[in-house]
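Dear colleague,

I am handing over the structure below, and I would be grateful if you could look through it before reading my notes.

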Amino acid sequence: MGDVDGFMHCLDATFVFSSFRAHNAGPVRLCQQVPGVESQLLVTVGVSSDDSIGGTRKEEERVCVWNTKKWSLTSKTSFPVCCRSVKTAATTAATASAILDEVICLEVASTMDVILLGHNSGAVQLIRGDITSDRQCRRLVLYEFTSPVTGLHYIPAPLTSTIGKRHKGRHAPDQVMPGSDSGSVSSASPLIAKPTPSSVYIYAASENKLVGIKLGKKDEPVRTTILDTFGCRRNCSCLVADPEKPGQKLLAMAHKEAVYFYDPDGRGPCLAIAGSKLAIAVYKNYFVSIRCNKSGDNQIDFPNAQSSVSLFEYRNKFTGGEFVLPWAHSIITGFGGLFVLCVEESSKIVELVEKDTQSMLDILFARKSFNLALEIAESDNYSEEELAHIHRRYADHLFNKKQYDLAVKEYIQTIGTVEASYVVLRFLESGLITHLVQYLEALVESDNMVNGRLTKDHTALLLNSYARLDDKERIEAFLDRLATQQSVGSEFCSCVNVLRRAGYPHQALRLAQITNNHADSIRILTEDLKDAEAAIKEITSLPFDQALEAVCTYGAFLIETAPSATAELLDGLCSNPAGGRISASQFIKIFVNNRLGLMKFLERYIEKSTSTDACLTDVVETLLELLLYEINEVVADASIKDKDTQLAHLRGLIMRLLEDPRATYDEGKALILCKQRNFLPGCLYIWMKSKQYDQIMEHYILEDNFEAILKACEEYGDEVPSLWFEAFKYAADKPKLGEHLPRLLSEIESRNLVSPLVVLQLLALPDAEKCHTLGTVKAYFLHYLESGKEKVEANEAKMQRLREETLRNREIARQSKTRVKIFQQQKCAVCNQALEPPSIHFLCDHSYHKSCFDTYSSDDQLCPECAPLIRRGLLESGKTTQSPLGSADLLAELEISLSLENADLSTTLSKAIAKGIASESSTSGVATLASHPPKPLPSSPALPRIPSVTPSKTPFDDLLTKKTVAALGDSGRGESLSSGLKQPSTSSSAPVLDSGVVLPTKKVSKVASNPFGEDNDDEEAEGVGEKGVAKLTNAPVVAYPHHLNPF
């Protein structure tokens, strides 16, 4: 507080008093503490004097900022620090046009960078700059009234705006949000739906006008709005938090008739507080005002001996108190209390102490103001239990006044705190069934049921009340609400019988289903509603023991009303794992004269049964016989309209029964039943299941169904390849199937089933109408002959390569006896380490440590690396190779014949074979080596037994009698077919082939059994040395290739 002598007096929370002199040339006209919890800055306005250069004292009005942080009130030598002092009437370019006289109004921003000054001339001056440091400030006149300024209020920009930072003399522009021109002041909360400005807003008031000024980026007025055409006295305006939007500030301005509230858009609501107001302020939720009710005088002096202080709670809108305090000067809020400064002969400060909430509530209870008591309790954040007791007192008051509709609403607010039986008893004693129902309905709400506030007695009472009111709609609504609950306890089970006795069976059933009371549900369905289908469905959902008990209790009714559904139910009981002691035969007696029901029962029993004993086998065979019998009955009954559909269904059931892996049955008995009833799909499946593919093929052949035959070959040909041969035999005498013949011959050849001679025998039929054309088999025989030629050429190339390799090895061995061999290997071939004596060297350029050789060698005379290759070569050279057989004439004749499209197959093949046999005597024998006699060739492989055919006499009958079929099978092909698979063979002493087809061979040179051999090496060397070639026995001279000589 400031006084007329220029002193500032400070009083702390402990009422310690201290003073310091703020201005030395006059009184302290205005003072204000900077807003903020942690702010310790004090701003004062007064007259101060300084010694000028000429020695005269110059008095001027100044604004001083004091830092009280380090000011100790108990110390006489400690004083606040003046951190800034500026003139109030400094002349600048921005303020030159305004009259800046005495300051009568002061406002300091909480941001500590703005000071607003209101002058007696009506000018509103803004000083921008840091108030904590003595730096240059910026001045600006925002508005000029025609009368003195009485109030200034600064609302800083909201948190959404961004304040520019200073960068080397430049200011970054402030961030302006869209909608900033709406003029409304925003709170810090971003949830306000109303458009919020992103700039500073100032309220300025005089005695005859109220304006709102919106500032721009550089503090210049962007928009000035006249909010009202009348003003207020000094200290008669303040900022108030909006009750509906706590984060938004409103301006409260006191007038004689009322207190008006303003936002940037204009005037808002008002409070009807009559009387002349001398000052107003806000304390907690109270609007505090100093009034003077003196009548007959329009102009009241200030302060006044008849003044009083009134408190109005603006949130709950009630008067908090009226206190007569003469000479009340100003209202002070601080230290959590409310103080009033009274200036009498001796000034004093009066503290107004607020009563505690309970005392206020007791006063309101005595006055029967329960609504206001509830509002106060809610404002003070009373607990639910405390609020419920207030509601109970209010409800009892209303009940005693017979205002039952309002009383029941208040009683509902007490649910969870006040015992429900207390309320129920009051309504029952008075016979208020309707109001009781209303209370019980609230008690049944979801939250109350979850919290355990509802008992079975309350629910039964509610349903009884509905029944007495005959209100079916409310019963349904109650059940709907109950059905939405996630879990319903057992307290509702007793209510089922209440509804049954009241004559509501459907509602009782629904309640039993909601509460999972299956026993009552089944009882209602069978006894009251006679609904067997629903009862069976309910029984099906029960556990095994309960379902079995229900079937035993209501089985007679169920069988009579719904036999088919009952059969399914019995089937489920029999197939249940817990019902292993129950057999299906125990329920068969139920199905007398109900063959279809028995079939369904047995079918479901088999599907759900997990046992594989003989009992299940008997059930399967019984069901199979029933289904086959039913098919015959359907076929014989001409009155059935959808016969095809029923037959398809029954056949499908039989096939599913046979194909079911869980159904065990005797395949022999099942096959007999299917044959007796002429059910071919079943026979085919059993043949397939038992892998009797020959029976399937025989069946298709008897039906003359080649497509089925071909499909059977594709499906089972991998397991039984002979099926392809059977299919070929079937198609051999059917020219119309000629397009399929190449496919069959390809499969026969790839699987090496029979030799081409057998194929030829089957195709060479005397009946021309049953013979195929040559074009259908030409590719098969050409491929066969070409593969033979390729093998002969490959064998000849291999023989030539072996001859050259033998000659090279002999030359190397010969020269090794006369020339020096230098071994330059530096590492062991085994350990890959440097060679050190003793070491062993081989002519193959492999060297070893002696220790490594002794460890890894199995033969002292062979290189470990080359030993496997040498042994393999010796083994192959010791074998007697069989010269490929063939006849150039036979091949040429067949190729010429097969090139004709329309040639007769039988005649062509007969001529070609006849020419090959005729050339047998004139063909030279197989060439042999000079030093070895020829070894016998292996005999022809044994072939499968060929079904006997009895064609007419042909020129080839004698040939086929003398020569075996397998002999021609190897003709020109060696020991294997074109597929590369070996034919089984047995040894034979015959020197030549039975077919008589011999290919000419070249005479070869003598080949020693050992390439490095011991046999006549000297003679070989002499022969080579004289003639340059090795000696040959009865063979043409072969020149040795010089590029193979390593020396």
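Predicted model: local features only at pLDDT ≥ 70, side-chain atom pairs only at ≥ 80, totals over all residues.

Residues are numbered from 1 along each chain as its sequence is written, and side-chain values use heavy atoms, with hydrogens and water left out.

The mean pLDDT (the predictor's confidence in each residue, from 0 to 100) of the protein chain is 74, and 74% of its residues reach 70 or more. Over residues 161-197 the pLDDT is below 50, although the model gives this stretch 61 contacts beyond near neighbours in sequence, a contact being heavy atoms within 4.5 Å. Residues 913-1047 likewise stay under 50, with 199 contacts beyond four places in sequence.

The protein chain has 33 helices and 29 strands, taken as DSSP runs (H or I, at least four residues, for helices; E, at least two, for strands) and numbered from the N terminus. Among these elements, the lowest mean pLDDT, 33, belongs to helix 32 (residues 965-969), and the highest, 93, to strand 14 (residues 201-206). Of the 1047 residues in the protein chain, 43% are buried, where buried means under 20% relative accessible area and exposed over 50%, with partly exposed in between (1.4 Å probe, protein chains only). Among contacts with a separation of 6 or more, 52% join residues 24 or more positions apart.

Turning to the sheet, four strands form an open, antiparallel arrangement in the order 17-18-19-20, with two strands counted as paired if DSSP finds at least two bridges between them. Strand 17 (237-241) and strand 20 (266-271) stand at the edges with a single partner strand each, so one side of each is left without a neighbour in the sheet. Strand 19 (residues 259-263) pairs with strand 20 in the antiparallel sense over 4 bridges, and Y260 stands opposite C270 in strand 20.

In helix 19 (residues 667-676), the buried residues include A670, L671, L673 and C674. These cover an arc of only 160° around the axis (the arc of the directions from the helix axis to the C-beta atoms), which puts them on the same side of helix 19. The face turned away from that buried side carries the exposed residues K675 and Q676.

With best regards
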